[in-house]
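This briefing is meant for a reader meeting the structure for the first time.

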Amino acid sequence: MENAINSGDTAWMLVACALVLMMTPGLAFFYGGMVRRKNILSTLTLSYIFMALIGVQWLIYGYTLSFGPDIAGIIGGLDFVGFKGVGATPSAAYGATIPHQLFASYQMMFAVITPALITGAFVERIRFKTFLLFSLAWATLVYDPLCHWVWAKGGWLAEKGLLDFAGGTVVHIAAGFSALAFALAIGPRRGFPKTPMEPHNIPFTVLGTGLLWVGWFGFNGGSALAANGVAVNALLTTNTSAAAAALVWMVLSWLDGRPSTLGLATGMVVGLAAVTPASGFVTPMAALVIGAAAAPLSYYAIRFRQRRDLDESLDVWACHGLASTWGTLAAGLFATLGVNSAGANGLFYGNPGQLWTQLVGVVTTMAYSFVVTYVLAKLLDLSIGLKVTTQEEEVGLDISAHGERAYS
Amino acid sequence: MLRKIEAIIREDKLNDVKEGLKAIGIMGMNVCDVRGHGRQGGIVLSGRSGTYQVDLLPKIQLNIVLSEQNVDETVQAIVKSARSGVAGEAGDGLIFILPVEEVVRIRTGERGHEAVMYPGDIDERKGRGKTKS
């Protein structure tokens, strides 16, 4: 097997792995800029902690639950506990030209950022200890099984032929609908919605957006698991969707008043999230449509969420959950074997059944992630409590939870 | 008698006001950033989706301590330079005039009127006081 390793593929995947890792700090600053100044360290920590927490969880048992030998299409077996046997030779099932250890490490970075996405729902009020327990439970009970269903050889959604190139279902829909469930369970921040909760540092958010966009080339481009044409196409579709969504968002924002910087940055992330599941299966022109249509969907979903007085604080549901719902369904419309012979044709290429498969994947992911998250959150609320005390919330989590202040 | 003028003005009028005061010989002042609202009520900012209302908006507070005899002329200079257009607009600000018990200049230990005098200031121009160097 050793000579099956391709150094070009391996080099690209090493870089892609680093790019995806960089997205978690990017996300931390994307979110951190949008909270009030008393909660910036807390918000950064809620994302950064996953590089540590999942960095250990994935090594010990997360990877094997996700990608271990299939058991009934539901979960991976324990063969790879502690990365046992995950070494320099390619895996039998994944990434035929790169070391198995590289595939497992690359997948780790996805497992790291996904729960970090959810944190936008409960910033500025979550109890840190509860958050740690929730996160570990969520990674184990939601991410690992879902990852197995969609991406593992033998996973039941993978067997159905669901197209999810880089994590529309596993990452963005799961995070978005979990965020919605958690926001319902924890309730709003004190003073919401009467007190305006203004972003305290939009430059952080803009900086984070830049890191995310660059990182996303590794996220989607790397999901080809090789340095090949599919990777290049994924990189270009990613860029195209982000660009289109940002332009449309800017226009929508302009029509409502001024072309907002925060809006532009949000539009970019929405375009990136939308194209993720489709990026390796559709043409760049299809990605243009995917990004352009995602922007109004998420833009008005934020408005809907606000009108319902729901404090899903940083709009993970609207920006990631819904954009990627559209993107996953769009894969069922625009996918073509001309882009990726390992994929499938969508409705517009004569295969209407693909859209149905995509719908099954979307609904399953929404329902599973929402229900498990809601039950977990409710259990934690009844036992150790989800929310900090009123006084701790007023003081801000930087001081009350971490004993630090960001700006002295 | 010594007085303190606290003028709440628009951020963008600070330079005009400073120049207006310099022109009549007001030499000393300090400024601070404040937030507040009066009749203007606030401003509308762009959010991620649409806009939102902010009721406390940024203003500049100008602090000047001076002799009573110079208050009227100073107030007129501030009003003239801080007002928007000819008719003025909501949000142009307010001026508060307060009595001051005592002033001490740290460098020399001078007190009262002498402590707020500068070479070339409004009093010296009018021949009303001695010049300290």
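A crossing of two helices counts as left-handed if the near helix is turned anticlockwise from the far one by less than a right angle, and as right-handed if it is turned clockwise. With that in mind, α8(A) passes α10(A) in a right-handed crossing, in what is a predicted model.

**α8 and α10 of chain A**

- The axes of α8(A) and α10(A) come within 7 Å and cross at roughly 35°.
- On the α8(A) side the contact includes Leu236(A), Thr240(A), Ala244(A), Val248(A) and Leu252(A), while on the α10(A) side Pro284(A), Leu288(A), Gly291(A), Ala295(A) and Tyr299(A) are among the residues that take part.
- By class, this contact of α8(A) with α10(A) is made up of 17 nonpolar and four polar residues, with no charged residues.
- Helix α8, which covers residues 229–255 of chain A, has 27 residues and reaches 39 Å from its first C-alpha to its last, close to the 39 Å expected at 1.5 Å a residue.
- After α8(A) comes Gly257(A), whose phi is positive, near 155°.

**α9 and α10 of chain A**

- The axes of α9(A) and α10(A) come within 8 Å and cross at roughly 125°, and the two helices are therefore oblique to each other.
- The crossing of α9(A) and α10(A) is right-handed.
- Gly267(A), Val270(A), Gly271(A), Ala274(A) and Val275(A) of α9(A) meet residues of α10(A) that include Ala287(A), Ile290(A), Gly291(A) and Ser298(A).
- Sorted by class, the contact of α9(A) with α10(A) has seven nonpolar residues and four polar ones, and no charged residues.

**A kinked helix in chain A**

- Helix α2 of chain A, residues 40–67, has 28 residues, but its end C-alpha atoms are only 35 Å apart, short of the 40 Å that a straight helix would reach at 1.5 Å a residue.
- A kink of about 70° is found in α2(A), centred on Trp58(A).

- Chain B has three helices and six strands, and from the N terminus on its elements run β-α-β-β-β-β-α-β-α.
- The C-alpha atoms of chain B fill a box of roughly 60 × 30 × 20 Å, taken along the principal axes.
- Where the chains meet, 13 residues of chain A are in contact with nine residues of chain B.
- On the side of chain A that touches chain B, α9 (261–275) and α10 (284–307) each supply at least two residues, and the residues of that side divide into four nonpolar, five polar and four charged.

Conventions:
Residues numbered from 1 in each chain as written. Chains lettered and ligands numbered in written order. Predicted model: local features only at pLDDT ≥ 70, side-chain atom pairs only at ≥ 80, totals over all residues. Contact = placed C-beta atoms within 7 Å. Helix = DSSP H or I, 4+ residues; strand = E, 2+ residues; numbered from the N terminus. Nonpolar A, V, L, I, M, F, W, Y, C, P; charged D, E, K, R; others polar. Axes fitted to C-alpha atoms, helices over the stretch in contact; angles between N-to-C directions. Parallel < 35°, antiparallel > 145°, perpendicular 65-115°, else oblique. Expected span 1.5 Å × (residues − 1). Bend = angle between axes of the 7 residues up to and from the residue.
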